[in-house]
Amino acid sequence: MEIVARCPKCDAGLPVSAADAPPAIKCGRCGREMPLSVSDDLRADRSVDRCPVCSGAEFYIRKDFDPKVGVTVVIIGALISASFYWFGRDLVAYSILGGAALIDLVVYGRLKDVTVCYRCHTEFRGAYTRSAGAFDLHTADVLEQEYERRIGRR
Ligand SMILES: [Zn+2]
Ligand SMILES: [Zn+2]
């Protein structure tokens, strides 16, 4: 399992391999030391049971989505279809626009789920069984505030 730990001080993403994670890592941007307590289930890529950064047990699932990719496809599609439209070929223009939207859907559907820690936003990628629920704004509000108070950001 691949873990991307979030530095509590500067929010930098720090990639760590769970299987041979060290007991502590140092942030490459701000130099802060972060202790990691990686559970056995995390090391074995079985499940995400406890966050190695904040010890929280509340997680949510989101699509591992890079918004830039989707937007680029739509923009390129729109540009091509606009040029056809300019030359009076409306039908071709519309079908290209539709095609671009379709490609977007396919890309989105193929995305894998990534588990994210509500408190510290550490991300977990791997073959483990997904057990967390969808993102809940209320839970996020409560847990993020609790965590930020704990690390002294509020
Ligand atoms: Zn940092
Ligand atoms: Zn966490």
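## Rings, sheet and surface

Tyr-60 has a relative accessible area of 10%, which means that this residue is buried, the limit being under 20%. The model that gives this value is a predicted one. Tyr-118 is buried as well, with a relative accessible area of 4%.

The ring centres of Tyr-60 and Tyr-118 lie 4.9 Å apart and the planes meet at 50°, so this pair is tilted. Tyr-60 belongs to strand β5, while Tyr-118 sits in the loop between β6 (113-117) and β7, so the pair ties together parts of the chain that are 58 residues apart in sequence. Ring pairs also bring in Phe-135, making a cluster of Tyr-60, Tyr-118 and Phe-135.

In total, the structure holds four aromatic pairs. Another of these joins Phe-59 and Phe-124: the ring centres are 5.6 Å apart and the planes stand at 90°, so the pair is edge-to-face. This pair, too, links distant parts of the chain, since Phe-59 is in strand β5 (residues 59-63) and Phe-124 is in strand β7 (residues 123-125), 65 residues apart. Phe-59 counts as buried at 10% relative accessibility. Phe-124 is buried with a relative accessible area of 0%.

A pair of aromatic rings is described by two values, the distance of the centres and the angle of the planes. The table gives both for the two pairs above.

| Pair | Distance of centres | Angle of planes | Kind |
|---|---|---|---|
| Phe-59 and Phe-124 | 5.6 Å | 90° | edge-to-face |
| Tyr-60 and Tyr-118 | 4.9 Å | 50° | tilted |

A ring also takes part in a contact with a charge. The charged end of Arg-130 sits over the ring of Tyr-128, at 4.1 Å from the ring centre.

Strands β5 and β7 return in the sheet. Six strands make up this open sheet, in the order β2-β1-β7-β6-β5-β8, and their pairing is mixed. The edges are held by β2 (13-17) and β8 (133-134); each has a single partner strand, so one side of each is left without a neighbour in the sheet. Strand β1 (residues 2-6) and β7 run antiparallel and are joined by three bridges. Opposite Phe-124 in β7 stands Ile-3.

On the surface there is a nonpolar patch formed by Ile-76, Ile-80, Phe-84 and Val-92, which together have about 290 Å² of accessible area. Helix α2 (residues 67-86) gives the most to this patch, with three residues. Ile-80 has its place in helix α2. The relative accessible area of Ile-80 is 38%, so this residue is partly exposed.

Where is Asp-11 found? Asp-11 is in the loop between β1 and β2. Phi of Asp-11 is near 70°, a positive value in a residue other than glycine. At 42% relative accessibility, Asp-11 counts as partly exposed. Ser-55 has a phi near 65°, again positive in a residue other than glycine. The loop between α1 (40-43) and β5 is where Ser-55 is found. Ser-55 is partly exposed, with a relative accessible area of 43%.

Notes
Residues are numbered from 1 along each chain as its sequence is written. Chains are lettered from A and ligands numbered from 1 in the order in which they are written. This is a predicted model: local features need pLDDT of at least 70, side-chain atom pairs count only at pLDDT 80 or more; totals for chains, interfaces and linings use all residues. Side-chain values use heavy atoms; hydrogens and water are left out. Rings of Phe, Tyr and Trp (its six-membered ring) pair if their centres lie within 6.5 Å; planes under 30 degrees apart count as stacked, over 60 as edge-to-face and the rest as tilted. Helices (H or I, at least four residues) and strands (E, at least two) are DSSP runs, numbered from the N terminus. Buried means under 20% relative accessible area, exposed over 50%, partly exposed in between (1.4 Å probe, protein chains only). A charge sits over a ring if NZ of Lys or CZ of Arg is within 6 Å of the ring centre and within 35 degrees of the ring normal. Patches are made of residues with over 30% relative accessible area and no salt bridge: like charges are joined within 9 Å, nonpolar side chains (Val, Leu, Ile, Met, Phe, Trp, Tyr) within 5 Å. Accessible areas come from the Shrake-Rupley method with a 1.4 Å probe; for residues, only the protein chains shown count as cover. A salt bridge is a side-chain nitrogen of Lys or Arg within 4 Å of a carboxyl oxygen of Asp or Glu. Two strands pair if DSSP finds at least two bridges between them.
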